[in-house]
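Please work through each task before reading its solution.

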Amino acid sequence: MARAALDKPLRMLALLALSCVLMLAASPTASAGTRACSSMKATPASVGTEQLAASTLCLLNAQRARYGVRPLRMSEQLSEAARRHAADMERRHYFSHVSRDGSDFVKRIRRTGYLRRAGSWFVGENLAWGAGPNRSSPRGIVAAWMNSPPHRRNILDSRFREVGIGVVVGAPRRSVFSLPAGTYATSFGARG
């Protein structure tokens, strides 16, 4: 989980980076609010990544609704930043909020044009990867985030209005015992 806020485009108030590999010990149970998330149990190897992103958004919004927080809207610009970072981590075998080239999530989001002409903004990022049918599914990833206080804060932060979701097949670690794996990145945002 990582977050950053800027009251004015050139003044950063906070930048917090926390990387952690999220793996679940057991499969979470489905609730009535998540039944509409059609591919929530699918693995990245079994359905398209766009379908997994849509199910992840559905699950994130189910959690927000459970706690009385308005739903997130999908942002193509934030999704571009998330997809690129998830793919880079998988391809170059690392897991971090800071890319191999030294770019943090704020720089990656800025490159998409999302922050252009924003008088104020607030952004954050959650990362995860999982291997196996329960741990690489959107349901497994969202459950892991909800069980991690910093990631849960990003998901339930009412200041966030939009999200971008990137999912790629494969893991950022080289040895995953040939299980189906997925790497997920979410870029959260709000602009004023």
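**Exercise 1.** Which side chain meets that of Arg-83 in a salt bridge?

*Solution.* The model is predicted: local features need pLDDT of at least 70, side-chain atom pairs count only at pLDDT 80 or more, and totals for chains, interfaces and linings use all residues. Residues are numbered from 1 along each chain as its sequence is written, and side-chain values use heavy atoms, with hydrogens and water left out.

Step 1. A salt bridge places a side-chain nitrogen of Lys or Arg within 4 Å of a carboxyl oxygen of Asp or Glu. The partner of Arg-83 is Glu-76, at 2.5 Å from N to O.

Step 2. Buried denotes under 20% relative accessible area, exposed over 50%, and partly exposed in between (1.4 Å probe, protein chains only). Arg-83 is partly exposed at 37%, whereas Glu-76 is exposed at 53%.

**Exercise 2.** Describe the salt bridge between Arg-191 and Glu-162.

*Solution.* Step 1. The closest N and O atoms of this pair are 3.5 Å apart. The bridge links distant parts of the chain, since Arg-191 lies in strand β6 and Glu-162 in strand β5, 29 residues apart; strands are DSSP runs of E with at least two residues, and helices runs of H or I with at least four, numbered from the N terminus.

Step 1. Glu-162 is buried at 12%, while Arg-191 is partly exposed at 40%.

Step 2. Arg-73 joins Glu-162 and Arg-191 in a network of salt bridges.

**Exercise 3.** Against which elements do the buried residues of α1 pack?

*Solution.* Step 1. The buried residues of α1 include Leu-52, Leu-60 and Arg-64.

Step 1. Their packing partners are β3, α4, α5, β5 and β6, where contact means heavy atoms within 4.5 Å.
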